Amino acid sequence: EDFPRIYVTRRLIRDGSKYYGPYADAGAMHATVKLLRTMFPLRTCRKMNQERPCLQYHIKNCKGCCVGKISEQEYNGYIEQVRQILNGDIHQLSNHLLEEMSALSAELRFEEAQVVKEKYDLIEKYKAKSVIVNPALHEIDVFSYDEDEGVAFVNYMHVRGGSIVQSITIEYKKKLDESASEILS
């Protein structure tokens, strides 16, 4: 889409769209989408090039993509920041927002600086709720393996910027005399 939307789906359509997940905790996933929609005026309507703007525009949750009130370049700036959050690059975005807030304050544009500050505060709250492993670990994949009678558990965690971005646990029913190396291969 020219003005991409962010929404929760269970269907994978191979049309060039970017998908994030799967998320082990649906509550955290919905909270993340809600946070992103609070921070950024993202399009939720399905139709473009309408005669009248949608309800989200009137309640100031969208900049009017559906009627051409925002440029594609400005909107893609929001989408790039959303991608940074979903990829786990929260620290870089946080620093960018802090610099932008300082620059706007120096130019005496306090109302705009307040909007950026609110985004910065939301990012900091989100960062505080994220599971922090070690800030020195930039990007690694962690696998663990444990087994019980007839069952093996494989856990995968993706760590980015010191935070656990994704975690998946798979339960595998073992066959007789199946070794750990055979299961992991």
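Q: At roughly what angle do the axes of helix α1 and helix α3 cross?
A: This is a predicted model. In it, helix α1 covers residues 26-39 and helix α3 covers residues 72-87. Their axes come within 11 Å, and the crossing angle is roughly 155°.

Q: Is α1 roughly parallel or roughly antiparallel to α3?
A: The axes of α1 and α3 cross at roughly 155°. Angles over 145 degrees count as roughly antiparallel. Therefore α1 is, relative to α3, roughly antiparallel.

Q: Is the crossing of α1 and α3 left-handed or right-handed?
A: The handedness describes how α1 passes α3. For this pair the crossing is right-handed.

Q: Which residues of α3 do Thr 32, Leu 36 and Met 39 of α1 meet?
A: By class, the contact of α1 with α3 has 5 nonpolar residues, 1 polar residue and no charged ones. On the α1 side stand Thr 32, Leu 36 and Met 39. Their partners in α3 are Val 82, Ile 85 and Leu 86.

Q: Is α3 oblique or roughly antiparallel to α4?
A: Helix α4 spans residues 90-106, and its axis lies 8 Å from that of α3. The two helices pack at an angle of about 140°. Roughly antiparallel applies to angles over 145 degrees, so α3 is, relative to α4, oblique.

Q: Which helix gives the most residues to the lining of the largest pocket?
A: The largest pocket holds about 1000 Å³ of space. Of the 31 residues that line it, Tyr 7, Thr 9, Lys 18, Tyr 19 and Tyr 20 are the closest to its centre. Both α1 and α3 supply at least two lining residues. The most, 6 residues, come from α1.

Q: What distance separates the C-alpha atoms of Arg 5 and Leu 104?
A: Arg 5 lies in the segment before α1. Not counting residues up to four places away in sequence, Arg 5 touches Arg 43, Thr 44, Cys 45 and Arg 46. Leu 104 is 99 residues from Arg 5 along the chain, and their C-alpha atoms are separated by 28 Å.

How values were computed:
Residues numbered from 1 in each chain as written. Predicted model: local features only at pLDDT ≥ 70, side-chain atom pairs only at ≥ 80, totals over all residues. Heavy atoms only, no water. Axes fitted to C-alpha atoms, helices over the stretch in contact; angles between N-to-C directions. Helix = DSSP H or I, 4+ residues; strand = E, 2+ residues; numbered from the N terminus. Parallel < 35°, antiparallel > 145°, perpendicular 65-115°, else oblique. Left-handed = near helix turned anticlockwise from the far one by under 90°. Contact = heavy atoms within 4.5 Å. Nonpolar A, V, L, I, M, F, W, Y, C, P; charged D, E, K, R; others polar. 1 Å grid on protein atoms, 1.4 Å probe; cavity = no way out; pocket = protein on both sides within 12 Å on 5 of 7 lines; lining within 4 Å. Points joined across faces, edges and corners; volume = space filled by probe spheres on them.
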